[in-house]
Amino acid sequence: MTSTQTSQRLRGSLTALVTPFRDGAFDEHAFRAFVAWQIENGTHGLVPTGTTGESPTLSHAEHDRVVEACIDEAAGKVPVVAGAGSNSTAEAVERARHAEKAGADALLIVTPYYNKPTQEGLYQHFKAVNDAVGIPILIYNIPGRSVIDMSVDTMARLYELRNIAGVKDATANVARVSLQRQAMGEDFVQLSGEDATALGFMAHGGHGTISVSSNVAPRLCADFQEACLAGDYRTALGLQDRLMPLHTHLFAETNPSPTKYALARLGLMSEEVRLPMVPVGEGTRALVDGALRHAGLTNG
């Protein structure tokens, strides 16, 4: 895909998919049903094996199987952006090559967490992945988890490479959208990684959101994104008001535990998470229950 084709396809509401577990194992049956439900409810794209998918606790074999199952179940109906990041460059290259071979449309590569590389180290990490594959790559910039923030200048350098197509920006700083748009142009794909500020992100020129809330409310999140992309911010604001308690309370404890609780309440999967994640406490359950009611997703 050219950069323009990529920006046209990777837009709207892309769900940062949870990975369902049952009795400690990947629940592929529940996952496939969940992917089908997402597509039926208007989700514009799927992002397996990211942070929300508990990728740090997946074995390499499990990681690869989740990606394969997502691509197979999506069957080309919506793009699949496979999470393939690691704080080891060699591992990121390996997962990226597998995702490309499996048929992923694009890759999501997180800035290396824990290692705290310099901006030059970030550049070389992403260049190594770029040089190893032939599909679009989204930079996942999430300082809150990785402890490093890729600068706009480093992004601009990377955008000169053939496969670097855009960013999932989880800085929650909407000014970054305009700064990145100024540096890289409007074809540089800008996807929010932070649901609560997505309205402002889109108004600054964003293309969509890789959303946690769309796990739970795919139709509402898709409608919200379509309104933003059409410039109908009055409609978008109304949807934001319905979704805001979800955007807030799905992070009352560390993601994805509250989201899995919500999905269990909707009867879509078990709320099981893997250590060091734990199920949410009673206080968070009450908050999530209230958010589901406010969004009109449950009656009680």
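This is a predicted model: local features need pLDDT of at least 70, side-chain atom pairs count only at pLDDT 80 or more; totals for chains, interfaces and linings use all residues.
Biologist: How many salt bridges does the model have?
Modeller: A pair counts when a side-chain nitrogen of Lys or Arg lies within 4 Å of a carboxyl oxygen of Asp or Glu. By this rule the count is 18 salt bridges.

Biologist: How many residues apart in sequence are the parts that D72 and R32 tie together?
Modeller: The side chains of D72 and R32 form a salt bridge, with 2.8 Å from N to O. D72 belongs to helix 3 (residues 60–74) and R32 to helix 2 (residues 28–40), so the parts tied together are separated in sequence by 40 residues.

Biologist: Where does E54, the salt-bridge partner of K260, lie?
Modeller: The closest N and O atoms of K260 and E54 are 2.7 Å apart. K260 is in helix 12 (residues 257–265), and the pair ties together parts 206 residues apart in sequence. Both K260 and E54 are buried. E54 itself lies in the loop between strand 4 (45–47) and helix 3.

Biologist: What separates E68 and R65 along helix 3?
Modeller: E68 and R65 form a salt bridge, with their closest N and O atoms 3.1 Å apart. E68 is partly exposed at 29% relative accessibility, and R65 is partly exposed at 31%. The two are three residues apart in helix 3, so the separation is about one helical turn.

Biologist: Which residues lie nearest the centre of the largest pocket?
Modeller: The largest pocket has a volume of about 620 Å³. Its lining has 29 residues. E54, the salt-bridge partner of K260, is one of those nearest the centre. The residues nearest the centre are T51, E54, S55, P56 and Y113.

Biologist: Which element supplies the largest share of the lining of the largest pocket?
Modeller: By class, this lining has twelve nonpolar, 13 polar and four charged residues. Helix 3, helix 4 (89–102) and strand 6 (106–110) each supply at least two lining residues. The largest share is three residues, and it comes from strand 6.

Biologist: What is the volume of the second largest pocket?
Modeller: The second largest pocket is lined by 24 residues, and I142, G193, V212, F251 and N255 lie nearest its centre. Helix 6 (143–146), strand 10 (208–211) and helix 11 (233–249) each give at least two residues to this lining. By class, the lining residues are eleven nonpolar, nine polar and four charged. The volume is about 320 Å³.

Biologist: How many charged residues are in the lining of the largest cavity?
Modeller: The model has one cavity of 30 Å³ or more, and the space in the largest cavity is about 70 Å³. Its lining includes S13, D195, A198 and H247, while strand 10, helix 10 (218–229) and helix 11 each supply at least two residues. Four lining residues are nonpolar and six are polar, and the number charged is one.

Biologist: How many residues of strand 8 are buried?
Modeller: Strand 8 covers residues 164–169 and is mostly covered. Strand 7 (residues 137–141) pairs with strand 8 in the parallel sense over five bridges, and I137 stands opposite I164. Of the six residues in strand 8, the number buried is six.

Biologist: Which residue of strand 9 stands opposite V167?
Modeller: Strand 8 and strand 9 (residues 189–192) run parallel and are joined by four bridges. In this pairing, V167 stands opposite Q190.

Biologist: What unit do strand 8, helix 8 and strand 9 make?
Modeller: Strand 8 and strand 9 run parallel. Helix 8 (residues 175–184) is the helix of the unit. Together the three elements make a right-handed β-α-β unit.

Terms used. Residues are numbered from 1 along each chain as its sequence is written. Side-chain values use heavy atoms; hydrogens and water are left out. Buried means under 20% relative accessible area, exposed over 50%, partly exposed in between (1.4 Å probe, protein chains only). On a 1 Å grid over the protein atoms alone, a cavity is a set of points where a 1.4 Å probe fits but cannot get out, and a pocket is an open set with protein on both sides within 12 Å along at least five of seven lines; lining residues have an atom within 4 Å of a point. Grid points are joined across faces, edges and corners, and a volume is the space filled by probe spheres set on the points. Ala, Val, Leu, Ile, Met, Phe, Trp, Tyr, Cys and Pro count as nonpolar, Asp, Glu, Lys and Arg as charged, and the others, Gly among them, as polar. Two strands pair if DSSP finds at least two bridges between them. A crossover is right-handed if, with the strands pointing away from the viewer, the path from the first strand over the helix to the second runs clockwise.
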